[in-house]
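Subject: Structure for you to look at

Dear colleague,

Please find below the structure I promised to pass on.

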Amino acid sequence: MSTKWAWFMFGSFVGSLAAVVLSGMLALLCSRSMIKWIVGRFTKRLMSNPYESNIWEIVTAMTRISPITVVENSIRAASGAVIERPFGSPRKFLHFEGLVFSPAQLSTLPTEQDVEIDTTTVIGPKAQKPLVLRIPILAAGMGYGVGLSEKVKIAIAKGTAKAGTSTNTGEGGFLPEERQNAKYLIIQYNSGHWSKSPEILKQADAIEIRFGQGALAGTASVLQAADLEGRASEIMQVQNEEITVIPSRHKDISSPQDLKQVVERLRQLTGGVPIGVKICASAVLEHDLEIAIQAGVDFISLDGGQAGTKGGAPILEDDFGLPTIYALSRATRYLRQRGVKDSISLLTGGAYSQPGECLKAIALGADGVYMGTSLLWAMTHDQVMKTIPWEPPTQLAYYTGIMQEKFNEEEAAIYLENFLHSFTDEMKLAISALGKRALREVNSDDMVALDAWTSHVTKVKLAYEPWEKPETNPHG
């Protein structure tokens, strides 16, 4: 009986397998024929129908107007209001691709492999309490409530602390947990009325007086009550208000002399931590820089036109502000002409995403580099899979994000720490390839420009021109 049962089971298995294989073959044959028929019909219509009834008109139309513009115009049509685009402008400006480093070979030897490269960065070297960072990469100002959730802000504080660098409060409310977890905290003195009490400001390792940023210029921001529900409204002291406005101007600053008074007041209040200003780069950049110099600032944070934000009007992101490399080059030259480059630190921000870009910026004269969007992408890492394909990753990080509770701050802090270590190690490798031993030794003479326009903007020597040995005095 058992033998018959075994044969029965074997026969059933073979029969089932044969049925599956046969069904699969039939399905394949049918699907191939069906696909061929569908493709044939579609191709015939594509090649025969007049344009007014041909789907190909979408392709030709989008060669005149980009898909980005088509979608944004549709959003404008649906909302009837100013739209806000996250992460900054998709426009391509002159950036750092036209610069390359000159490797040390024979005339200058590469640094020995066992030499530790010093990446120490000092913000406000002449301040009573300079801000000394282990690395030159700083987390940009991204506000709690007005942008990011509590979990994300805490994760940034933890990750930057482990890496030995600073984070920035941005325009949002002062989050006590951010201060508790951050090793170094730059408090942004914004144009709103919140987070300006002496008790809060005294907790800063540096204070940044914000006037503008690359993605928003110097415009006001308006937040609806629904955007600040919960703890953020309490911290910012805007409970029960229908709208919250971050003004375009500071109430206590309407003249250069007012700025000087605010700088001095904040310096005395905080016991001498670095006091700086944050501005976006305009055509009259040198005039703006001069006002900051006269006010006695310890650092200047300069945002290029490619900088990102939580959401900005496309016209401000695409059509306002000098590109980052223009702004940085002009600012460096002016500070040197004024003889203050060694006493006023220059921080740069706007579309930095690679170690090479950051090191080139430092070679051009920056003392530190602000990064925002790239840090967010790095720290969320594979957590974005919690949102896509049905929701954008911003829903995981924003204060109003519908999936913010799924964000794991401990994982994000580890990812951010890893990212900053990896980023800095690549920069160290490049410094050793230049034959240098410290970040502060890198300068524009370590680079050449691949095209005349980049050379003209940065004043870096062209790569296709031969190097000329500087003349020496034969008598010493």
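This is a predicted model: local features need pLDDT of at least 70, side-chain atom pairs count only at pLDDT 80 or more; totals for chains, interfaces and linings use all residues.

I would begin at a lysine and a tyrosine: K196 lies over the face of Y189, at 4.3 Å from the ring centre.

As for the chain overall, its secondary structure comes to 16 helices and 14 strands, and its C-alpha trace spans about 100 × 70 × 65 Å along the principal axes. Of its 476 residues, 46% count as buried. The domain assignment gives domain 1 (8-64) and domain 2 (99-458), and the centres of these two domains, taken over C-alpha atoms, are separated by 52 Å. Among contacts between residues at least 6 apart in sequence, 67% join residues at least 24 apart.

The structure also holds 4 aromatic pairs. One of these is formed by F96 and Y352, whose ring centres are 5.6 Å apart and whose planes stand at 40 degrees, an angle between the limits of 30 and 60 degrees, so the pair is classed as tilted. This pair links distant parts of the chain, 256 residues apart, with F96 in the loop between α3 (67-79) and β1 (99-101) and Y352 in the loop between β12 (345-349) and α12 (355-363). F96 is buried, with a relative accessible area of 1%, and Y352 is buried as well, with a relative accessible area of 3%.

Another of the pairs is that of F419 and F423, where the ring centres are 5.0 Å apart and the planes are at 45 degrees, so this pair is tilted too. F419 and F423 are 4 residues apart in helix α15 (residues 409-433), which means that about one helical turn separates them. Both F419 and F423 are buried.

Turning to the strands, T244 is placed in β9 (residues 243-246). With a relative accessibility of 4%, which is under the limit of 20%, T244 counts as buried. Which residues is T244 in contact with, leaving aside its neighbours within four places in sequence? They are W194, S221, V222, L223, L228, M236 and V238. For V222, the C-alpha atom is separated from that of T244 by 5.8 Å, although the two residues are 22 residues apart along the chain.

The buried residues in α8 are D258, L259, V262, V263, L266 and T270. Seen down the axis of α8, these buried residues fall within an arc of 140 degrees, and they therefore line one face of the helix. What does that buried set pack against? The partners are β6 (184-189), α6 (198-201), β7 (206-210), β10 (275-280) and α9 (285-294). After α8 comes G271, whose phi is positive, near 80 degrees.

Conventions:
Residues are numbered from 1 along each chain as its sequence is written. Side-chain values use heavy atoms; hydrogens and water are left out. Domain bounds come from an automatic or database domain assignment. Rings of Phe, Tyr and Trp (its six-membered ring) pair if their centres lie within 6.5 Å; planes under 30 degrees apart count as stacked, over 60 as edge-to-face and the rest as tilted. Helices (H or I, at least four residues) and strands (E, at least two) are DSSP runs, numbered from the N terminus. Buried means under 20% relative accessible area, exposed over 50%, partly exposed in between (1.4 Å probe, protein chains only). A charge sits over a ring if NZ of Lys or CZ of Arg is within 6 Å of the ring centre and within 35 degrees of the ring normal. Contact means heavy atoms within 4.5 Å. The arc is that of the directions from the helix axis to the C-beta atoms.
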